[in-house]
Amino acid sequence: QEKLFAQFQLSDLVPEQNFYRRLKGVLDLDFLYPMTKGYYGESGQKSIDPVVFFKLCPVGYLENIISDRHLINHCGLRLDILYFLGYDIDE
């Protein structure tokens, strides 16, 4: 039977020399928030975070994935990519 609650930090599971961990340390895309603010609405279903969207682009390129659906599924299975995107294990 699976555990209902697991206590761990994703950063503990991703090795220090992992490519996506190192990339997260040097890639700062926070400048995108003011640049894309006008394109994101305040009502309706919440859109994907612009930084996450732009981080998904190199992941798709590096992993050789051209399908958006396949890319999202792939990212959900890889802990290092989840860490790079800033997501937790359940997101």
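Helices here are DSSP runs of H or I with at least four residues, strands are E runs of at least two, and both are numbered from the N terminus. With that settled, I counted 6 helices and 0 strands in the protein chain. Reading along the sequence, I get α-α-α-α-α-α.

**Ground rules**

I am working on a predicted model, where local features need pLDDT of at least 70 and side-chain atom pairs count only at pLDDT 80 or more, while totals for chains, interfaces and linings use all residues. I number residues from 1 along each chain as its sequence is written, and side-chain values use heavy atoms, with hydrogens and water left out.

**Whole chain**

I boxed the C-alpha atoms along the principal axes and got roughly 45 × 30 × 25 Å. Next I looked up burial, where buried is under 20% relative accessible area, exposed is over 50% and partly exposed is in between (1.4 Å probe, protein chains only). Of the 91 residues, 29% count as buried.

For the surface I used Shrake-Rupley areas with a 1.4 Å probe; for residues, only the protein chains shown count as cover. The chain exposes about 7,400 Å², and 53% of that comes from carbon and sulfur atoms.

Contact in these notes means heavy atoms within 4.5 Å. Taking contacts between residues at least 6 apart in sequence, I found that 48% join residues at least 24 apart.

Charges came next: Lys and Arg are positive, Asp and Glu negative, and His and the chain ends are not counted. I placed each charge at NZ of Lys, CZ of Arg, CG of Asp or CD of Glu. There are 9 positive and 13 negative charges, and their mean positions are 2 Å apart.

**Helices α4 and α5**

How do α4 and α5 pack, in angle and axis distance? I used axes fitted as lines to C-alpha atoms, for helices over the stretch in contact, with angles from 0 to 180 degrees between N-to-C directions. Helix α4 (residues 50–62) meets helix α5 (residues 68–77) at about 90 degrees, and the axes are 11 Å apart. The two are therefore roughly perpendicular to each other; the contact is made by L56, V59 and G60 on the α4 side, and by L71, I72 and C75 on the α5 side. For the angle names, under 35 degrees is roughly parallel, over 145 roughly antiparallel, 65 to 115 roughly perpendicular, and the rest oblique.

**C75**

I then checked C75, which sits in helix α5. Is C75 buried or exposed? C75 is buried, at 3% relative accessible area. Leaving out neighbours within four places in sequence, C75 is in contact with L56, V59, I81, L82 and L85. I also took the C-alpha to C-alpha distance from C75 to V59: 8.5 Å, for residues 16 apart in sequence.

**N64**

Between α4 and α5 there is a loop, and N64 lies in it. I noted that phi of N64 is near 60 degrees, a positive value in a residue other than glycine. N64 counts as exposed, with 68% relative accessibility.

**The segment before α1**

Q7 is in the segment before α1 (10–13). At 82% relative accessibility, Q7 counts as exposed. I looked up Q7 against K37, which is 30 residues away along the chain, and their C-alpha atoms are separated by 35 Å.

**The segment after α6**

Which residues does Y87 contact, leaving aside neighbours within four places in sequence? I found L10, I48, V52 and L82. Y87 is in the segment after α6 and is partly exposed at 28% relative accessibility. From Y87 to K37, 50 residues apart along the chain, I read 21 Å between C-alpha atoms.

D88 is also in the segment after α6 (79–85). D88 is partly exposed, at 36% relative accessible area. Not counting residues up to four places away in sequence, D88 touches L10 and L82.
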